[in-house]
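Hi,

Here is the structure I said I'd pass on. Have a look at it first, and then read my notes below.

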Amino acid sequence: MLTFPSHEDVVFEHAPLTSVICQVKFPPIYPLISASAVVGFQESLSGTYFAADPDVGASTAQMVNGKVVNIGQTPTTWRFIDTSGNWIVGLSVDFISLESKAYTSIAEFSQRMTDLLTVLYRVLRPRDATRVGLRKINAFEFDDAHPSEMSTMLRPEIAGVLGDDILAPALTNYASQFELRDDDDTALVVRTGPIRAGDRVSFILDMDYATLRPYPIDDSGNLGEVLREFSEGITSFFHWALLDEFKATLGPRPRVEMESHT
Amino acid sequence: MSSTSVLLERTGPAVAEEAPQVPTVDDGSGRPSRYVDSKSQFRLTNAPSASERWFLLGSLMAQLRYVPFTDIEVLLGVHDSELVMMLHGERPITRKYAERWERVQEMLTQLATVLRPEGTSKWLHVGVPDLNGATPIDAISRGKLRLVLDVTSSYLDPSYK
């Protein structure tokens, strides 16, 4: 486990977290290309998640002996959404994913993922995971006219050239990516950079903790523990990356205090 | 630095990154068709029933999600390792299995009128007078699925309480 300075266990009232995603990859189960093979999984989710429009894979075709042959097809991702629309499940031939737009705690997130993995295990029996990843994406809005203000929000190692008074105003494109190795199979990948959406500009802090260790996909709940460890690593890095003065503006409240209000 | 970099991929639900290659062909007939590579030559086959069998198997697995795999082996009449291969498309689901599974499906549908899915596992191991005191799972393991079906059919009788 990567170690960063200790931090208080707080919940931010104005958290910049926009999305949390877990993806567990496994050796391909090719019948999942077909909707008929998804029915068992879908039936087992009913009451919690409901079928949504699938993300139909792209395909490429070429002429072979005068006939159109589809030579490369990205498999469909079958999607299921809860009634709030904040929790999205993805299932494809070689992965299952869970995305939350309303993340509150890793306890709830890992429980939901554990429940999904139990259903997957019961109805499709995937072989050991080939990759397990947890990703938290944060977006910090900033004034496009004064990009170097990022230097007051994030550590200089994270703000990069965007925090530089001389370079930032002339910057037209910037993205950074680095990998912090945990062990031979596990690493935290951090991707940063500004993105523009209409008139708003945000600085993205995208933290992706993943392992290639072949964890069994079963009903033991072991992967839930892995996710909790990854989450703690990501949160620790997040606390390290933000400057204390800026962190205070996000409204940190002790987790216990916040949970007693809910 | 390890040569295997986690950087090569990113955690995300967008699309499968190891896209399997499934060659398909439009032969102009309007029928579903599939190319199968055989002895270096493309061969055209039609296999619409495979989808129906996966549908059946998937539905059964969902209904049996609270039942131990050892009992599923008995119910479906297939060894667990073979079942996994069928689920993964590594072994065909033959007509013999499909016919048996349709009867199991019928049994589970009838059972569902009186029992929640969580109760199936326990029901399988309770002695039934109409089976001379044998449990449904024992009867099925002795090839008497038809008798067990008669029992679950009786649950549909309005006089059944």
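Let me start with a question: over which ring does the charged end of Arg125(A) sit? The answer is Phe69(B), with the charged end 3.8 Å from the ring centre. Before I go on, keep in mind that this is a predicted model.

Searching the whole structure over all chains turns up 13 aromatic pairs. One of them is Tyr121(A) with Phe69(B), an edge-to-face pair with 5.3 Å between the centres and 90 degrees between the planes. That pair crosses between chains: Tyr121(A) belongs to helix α2 (residues 106-124) of chain A, and Phe69(B) to helix α2 (residues 69-76) of chain B. Tyr121(A) has 18% relative accessibility and counts as buried, and Phe69(B) is buried too, at 13%.

A second pair is Phe237(A) with Trp240(A): the centres are 5.4 Å apart and the planes are at 45 degrees, so this one is tilted. Both residues are in helix α4 (residues 222-241) of chain A, three residues apart, or about one turn of the helix. Phe237(A) is buried at 1% relative accessibility, whereas Trp240(A) is partly exposed at 23%. Together with Phe4(A) and Phe178(A), Phe237(A) and Trp240(A) make up one aromatic cluster.

There is another charge over a ring, this time within chain A: Arg112(A) has its charged end over the ring of Trp87(A), 4.1 Å from the centre.

Now for the sheet. Chain A has an open sheet of nine strands with antiparallel pairing, in the order β3-β6-β7-β8-β2-β9-β12-β11-β10. Its edge strands are β3 (50-55) and β10 (176-183), each of which pairs on one side only. On average, neighbouring strands are turned by 20 degrees against each other, ignoring direction.

α4(A) lies across β2, β9, β10, β11 (186-197) and β12 (200-211) of chain A, and runs at about 30 degrees to β9(A).

Cheers

Conventions:
Residues are numbered from 1 along each chain as its sequence is written. Chains are lettered from A and ligands numbered from 1 in the order in which they are written. This is a predicted model: local features need pLDDT of at least 70, side-chain atom pairs count only at pLDDT 80 or more; totals for chains, interfaces and linings use all residues. Side-chain values use heavy atoms; hydrogens and water are left out. Rings of Phe, Tyr and Trp (its six-membered ring) pair if their centres lie within 6.5 Å; planes under 30 degrees apart count as stacked, over 60 as edge-to-face and the rest as tilted. Helices (H or I, at least four residues) and strands (E, at least two) are DSSP runs, numbered from the N terminus. Buried means under 20% relative accessible area, exposed over 50%, partly exposed in between (1.4 Å probe, protein chains only). A charge sits over a ring if NZ of Lys or CZ of Arg is within 6 Å of the ring centre and within 35 degrees of the ring normal. Two strands pair if DSSP finds at least two bridges between them. Axes are lines fitted to C-alpha atoms, for helices over the stretch in contact, and angles run from 0 to 180 degrees between N-to-C directions. Contact means heavy atoms within 4.5 Å.
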